[in-house]
Amino acid sequence: MDARDPLAALRAQFDLPADVLYLDGNSLGAMPKSSLQRAQEVITQEWGKGLIRSWNTAGWFELPRRLGNKLARLVGAADNEVVVTDTTSINLFKVMAAALQLQKTQAPTRRVIVSERTNFPTDLYITQGLTDMLRSLGGADYELRLIDSPDALPAALTDDVAVVLLTHVNYQTGYMYDMSETTARAHAAGAVVVWDLCHSAGAVPVDLNGAQADYAVGCTYKYLNGGPGSPAFLWVHRQHQDHFSQPLSGWWGHARPFAMEPQYAPHAGVQRYLCGTQPITALALVECGLDTFADTDMQQLRAKSLALTTLFMDLVAQECAGFPLTLNTPVDTKHRGSQVGYAHPQGYAMVQALIERGVIPDYREPRIMRFGFTPLYIGFEDVWNAVAILKDVLVTVSWDQPRFHQRGAVT
C-alpha cells in the first residue's frame, strides 16, 4: 500500500523522529523541515537586521490576509474571505457576537444557540461567557441548548433558534457532519451557522461557499502543521462581510489604522476581522505548514485518510478482539473524519504505555484513546506497526504500572 501511495513522498517534507509513530497530528501537527530555516530568517534577518522596516519591506503587515488566501483553497473559500489571526477562542467570540447581532436585527425574538454537549469545550465556554456578558449588560437573555447527538439536531431547530454552533468533525468521536445538508436545514429553520473547522481543515475536504455556510473558525496547529499555538483563522461569507460588527475593534481592523483616529471605523474587507498587532514569527511558520499542501489536493488526502483509518480499524478488530476496546468513531466513511477513537477502562494509562513504546496518540475524557492520521506524513506500515504495539500492550498488560497512571498537565 505504501508503494502504491501517490502521497508517500510528502513525508520527506517533515522532520519526524525515526523511532516514533506519530498518531497525534489531530492535536499538534509534525514540524515541516522548512520551519526551522524560516524561523531563523524571520528572527535573524527580518527582525534582527530589518528591524521595524520589515513591516513594509518583508511584507509583515499583509501576512494575515496573504496566509488567509493560501488557506482558503483548503476550506472552499475565495480570496479575501479568510484571515489568519488570533486564537480559535478569540475568533469564535468575534463571529458569535457578530452572528447574534445580525440575528437581533433580522429576527429579534430568536434567543437560542444550539450546540452539541460534546462540542469542543472552548466553544461552549466562549459562548457561555458571551451570553453571560450580554445578560449582565442588560442585553438579550440567550439560552445555550445542547444536543446529545447529531440525530437530535432537527428537533432542536425550533423557531426561537438564532445560531447553530457545531464542530464539523467532533473532537471526541471523529463524527463528521454533512456541512451542506446541515447548513441548509439550519437556514430553513431561520438560523445562521457557525462551523468550527479545527479537526477538519487540512484533513478532510471542506467547501464553505458550496455549503453556503455563514461563519467559520479553525486552528492551524493540527492538520495544517503551523506549530504549537500557531494563529487560528476566521472566515465570513461575503453576504455578511460588510455587516460584520467586530466586538474586539482593535486598531488592525480599522479602515485607516495609521491615521490614528480616535473613532473606530471598520475596514471594508476581511481586515475588519483583525484585532491587534500580529505575532509575526508564529504567522511565518503557518506559511511553512500551508506550503506542505502545494503538491496535493484535499480529494487525494481524503482518499488516503479513509484508507489509513479503515486499515487501522480493521486491524484493531482483527488483532485486539476480546479486549475492552469500544470503537467510538463512525464506520460509515461519509461521517468519519481523520481520527479513530477507542474507549478503554484505563485509557489514560494505555496511552502513556503506548507513548513509551514509541506510538504517540492522545487521551480525552471520558476514557478515550484518540489516534489521528495525517495523510501528509503517515503511511500504511505505520498503521500496521502501531496496531502490533497496541496489541502487545494489551496482551502483556504493560499499561498497569504506577508511572502510567500519573496524570500530566496535558493529556
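Is Phe-244 buried or exposed? In this predicted model, Phe-244 has a relative accessible area of 3% and is buried.

**View 1. Aromatic pair of Tyr-215 and Phe-244.** The structure holds 15 aromatic pairs. In one of them, the rings of Tyr-215 and Phe-244 are 6.4 Å apart, centre to centre, with 50° between the planes, and the pair is tilted. Tyr-215 belongs to strand E7 (residues 215-218), while Phe-244 sits in the loop between helix H8 (238-241) and helix H9 (280-291), so the contact ties together parts that are 29 residues apart in sequence. Tyr-215 counts as buried because its relative accessibility is 2%, where the cut-off for buried is under 20%.

**View 2. Aromatic pair of Phe-312 and Phe-371.** The ring centres of Phe-312 and Phe-371 are 4.9 Å apart and the planes lie at 45°, so this pair is tilted. Phe-312 is part of helix H10 (residues 298-319) and Phe-371 is part of strand E13 (residues 368-372), so the pair ties together parts that are 59 residues apart in sequence. Phe-312 counts as buried at 1% relative accessibility. Phe-371 also counts as buried, at 1% relative accessibility.

**View 3. Aromatic cluster with Trp-55 and Trp-252 among its members.** One aromatic cluster is formed by Trp-55, Trp-60, Phe-61, Trp-251, Trp-252 and Phe-258.

**View 4. Arg-407 and the ring of Tyr-348.** Arg-407 is placed over the face of Tyr-348. The distance from the ring centre of Tyr-348 is 4.3 Å.

Notes:
Residues numbered from 1 in each chain as written. Predicted model: local features only at pLDDT ≥ 70, side-chain atom pairs only at ≥ 80, totals over all residues. Heavy atoms only, no water. Phe/Tyr/Trp six-rings, centres within 6.5 Å; stacked < 30°, edge-to-face > 60°. Helix = DSSP H or I, 4+ residues; strand = E, 2+ residues; numbered from the N terminus. Buried < 20%, exposed > 50% of the residue type's maximum accessible area, 1.4 Å probe, protein only. Lys NZ or Arg CZ within 6 Å of the ring centre and 35° of its normal.
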